[in-house]
Amino acid sequence: MNYNYRDMKRILASVIALVLISGYNVFSQNKQTEEKIQAARIALITERLSLTPEQAEKFWPLYNEFSQKRKELREEYNAEKGKLNMETATEEQKRALLNFGLKLKERNLTLERTYSDRMLSIISSDQILSLTKAEEDFRKMVLQQIQKRRQQQQDRRNQFRDRANDRQQQRRNN
């Protein structure tokens, strides 16, 4: 691997440009990606539940409130779990975390009951049952998209590496 100064300069410039472009894209795409995911979720659930415009107008604020409270419960558990180093935690600390998690599940169940009752004043029981399936299907779709993108990124990295190796081999042969 004998690189001259000019080659090293080109490689360094390429790496810097790649890092800057990637960083900018990741930052700007995060918000766009979140918005796209939210729009897709709304579209899927609205379609699966066959919400009328009147139902949608009342349903979405309530559903968003419910989703936010569920998210807060998950974050609460993750915060407690984050305080604990599982490798060094005592049995007592692990049991306390387990009990905390169970209490949060009870709170989540109470939350589901409360919001199901409130949603029944807006949508039918069939629609509420369809909501659970739609949420599950949407999660699966998002996970599949994430896996697909990761695979595409890995494929691109492999192609880039292969091209770089080919160029190196050509330089050695010349």
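**View 1. The crossing of α2 and α4 is right-handed.** This is a predicted model. By class, the residues in the contact of α2 with α4 are 3 nonpolar, 2 polar and 2 charged. Helix α2 covers residues 53–82, and helix α4 covers residues 125–173. Their axes lie 14 Å apart, at an angle of about 55°. The two helices are therefore oblique to each other. From α2, the contact uses Q55, F59, Y63 and R70. From α4, Q127, L131 and E135 meet them.

**View 2. Helices α2 and α3 pack roughly antiparallel to each other.** Two packed helices are described by the angle between their axes and the distance between the axes. For α2 and α3, the axes come within 10 Å. They cross at roughly 175°. Angles over 145 degrees count as roughly antiparallel, so α2 and α3 fall in that class. On the α2 side, the contact is made by F59, L62, Y63, E65, F66, K69, R70, L73, E76, Y77, E80 and K81. On the α3 side, the residues are L97, F100, G101, L104, R107, N108, L111, E112, Y115, R118 and M119. By class, this contact holds 12 nonpolar, 2 polar and 9 charged residues.

**View 3. Five aromatic residues form one cluster: F59, W60, Y63, F66 and Y115.** The protein has 5 aromatic pairs. F59, Y63 and F66 of α2 belong to the contact with α3. Y115 of α3 belongs to that contact too. F59 and Y63 are also among the α2 residues that meet α4.

**View 4. S50 sits in the loop between α1 and α2.** Helix α1 spans 5–49. The phi of S50 is near 50°. That is a positive value in a residue other than glycine. Most residues other than glycine have a negative phi, and most peptide bonds are trans. Is S50 buried or exposed? Its relative accessibility is 53%, so S50 counts as exposed. The cut-off for exposed is over 50%.

**View 5. L109 of α3 and R70 lie 39 residues apart along the chain.** Their C-alpha atoms are separated by 9.9 Å. Helix α3 runs over residues 91–119 and includes L109. L109 has a relative accessible area of 41%, so L109 is partly exposed. R70 belongs to the α2 side of the contact with α3. R70 is also one of the α2 residues that meet α4.

**View 6. The whole chain has 4 helices and 0 strands.** From the N terminus on, the elements run α-α-α-α. The protein has 174 residues, and 20% of them count as buried. How much of the contact total comes from residues 24 or more positions apart? They account for 69% of the contacts with a separation of 6 or more.

Conventions:
Residues are numbered from 1 along each chain as its sequence is written. This is a predicted model: local features need pLDDT of at least 70, side-chain atom pairs count only at pLDDT 80 or more; totals for chains, interfaces and linings use all residues. Side-chain values use heavy atoms; hydrogens and water are left out. Axes are lines fitted to C-alpha atoms, for helices over the stretch in contact, and angles run from 0 to 180 degrees between N-to-C directions. Angles under 35 degrees count as roughly parallel, over 145 as roughly antiparallel, 65 to 115 as roughly perpendicular and the rest as oblique. A crossing is left-handed if the near helix is turned anticlockwise from the far one by less than a right angle, and right-handed if clockwise. Contact means heavy atoms within 4.5 Å. Ala, Val, Leu, Ile, Met, Phe, Trp, Tyr, Cys and Pro count as nonpolar, Asp, Glu, Lys and Arg as charged, and the others, Gly among them, as polar. Rings of Phe, Tyr and Trp (its six-membered ring) pair if their centres lie within 6.5 Å; planes under 30 degrees apart count as stacked, over 60 as edge-to-face and the rest as tilted. Buried means under 20% relative accessible area, exposed over 50%, partly exposed in between (1.4 Å probe, protein chains only).
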